[in-house]
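Student: I'd like to learn how to read strand pairing and helix packing from a model. Can we work through one together?

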Amino acid sequence: MTTPTAGEIERAVERAWEQLEAGDPGEVAGPLRGLLARGVADPGDRADLHHLIGMACEDLGDRDGMATAWLETLRLDRQGEQARALSADEFERVVGDALDELPPAVLDHLRNVPLIADERPSAEMVADGVDPRILGLFHGVPMPDESTLGPGATGTIHLFARNIEAVSDDEAELREQIRVTVLHETAHYFGFDEEALRRLGLD
C-alpha cells in the first residue's frame, strides 16, 4: 500500500469540501479514512483530514465519530504549533481596540460578559461538540433571553488565538480577523444569528 501523494490529498480535500457544501456528507469520511490508513506523513495533512471527517460526522449526527475525529485534529494541531505571531499582550490590545469601536451603550451591556483569549478550544469543549478550529465562541445566554431567565443569566466570549492566526496570511490580516471575530461573537451575545452576521459582513 503506497503512501498518498500530496496531489491525492489535495484532491480528496477539495472533493470533501464540495460534498459538505453540497449537503452530501455521507461520502466524505470513507475516502479520507482510506487515505489516513495508507499512512499520510504530514501531521498538518492528517489534521486536515480528521477535521473534515469530524465535520461530516457532525452533519450526519454522529457525535461519537465527530468527537473522535476532532480530538485528533486538536492533538495534531497542538503538535504542529509554531511561535505565536502576536504576543498574548499584543493580542489583547488588538481585542481592546476592537471593543473600543462599540458604542458605550453596547459596552455597558458587555460589562458582565467575560471575554477570554485562549490558545485553542479545550479538549473538554471539543469532546462536547465544539469545532477545534473555531475562531471564537459565545457560550451562554444571549441578551434577548436574559430577561426571561431571571437575574444573573449571562455568558462568556472565547477567542481562540491559534485558530485566528491559522487563517491569517500576515499581521494586517490577523489584526482584522481578531477585530471581526470580536464583533462576531459580541453580536451573538446580542442575539444575532449567522445569517444576520453574514449580512453585516461579520462572518
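Student: Which residue is the bridge partner of glycine 136 in E3?

Tutor: Some ground rules before that. This is a predicted model, where local features need pLDDT of at least 70 and side-chain atom pairs count only at pLDDT 80 or more, while totals for chains, interfaces and linings use all residues. Residues are numbered from 1 along each chain as its sequence is written, and side-chain values use heavy atoms, with hydrogens and water left out. Now, two strands pair if DSSP finds at least two bridges between them; strands (E, at least two residues) and helices (H or I, at least four) are DSSP runs, numbered from the N terminus. Here the partner of glycine 136 in E3 is leucine 159. Strand E2 (residues 136-140) and E3 run antiparallel, joined by five bridges.

Student: Which strand pairs with E3 in the parallel sense?

Tutor: That's E1 (residues 115-118), with four bridges to E3. Alanine 117 of this pairing sits opposite leucine 159 in E3.

Student: How many residues of E3 are buried?

Tutor: In a regular strand, side chains alternate between the two faces of the sheet. Buried means under 20% relative accessible area (exposed is over 50%, partly exposed in between; 1.4 Å probe, protein chains only). In E3 (residues 155-160), six of six residues are buried.

Student: On to helices. At what angle do H5 and H10 cross?

Tutor: Axes are lines fitted to C-alpha atoms, for helices over the stretch in contact, and angles run from 0 to 180 degrees between N-to-C directions. H5 (residues 88-100) and H10 (residues 171-189) cross at roughly 55°, their axes coming within 9 Å. H5 and H10 are therefore oblique to each other (under 35 degrees is roughly parallel, over 145 roughly antiparallel, 65 to 115 roughly perpendicular, the rest oblique). Contact means heavy atoms within 4.5 Å; Glu90, Phe91, Val94, Val95, Ala98 and Leu99 of H5 touch Arg175, Ile178, Arg179, Val182 and Leu183 of H10.

Student: And what about H1 and H3: how do their axes lie?

Tutor: The axes of H1 (residues 6-21) and H3 (residues 43-60) come within 11 Å and cross at roughly 20°, so H1 and H3 are roughly parallel to each other. From H1, Ile9, Val13, Ala16, Trp17 and Leu20 meet Asp45, Leu49, Leu52, Met55, Ala56 and Asp59 of H3.
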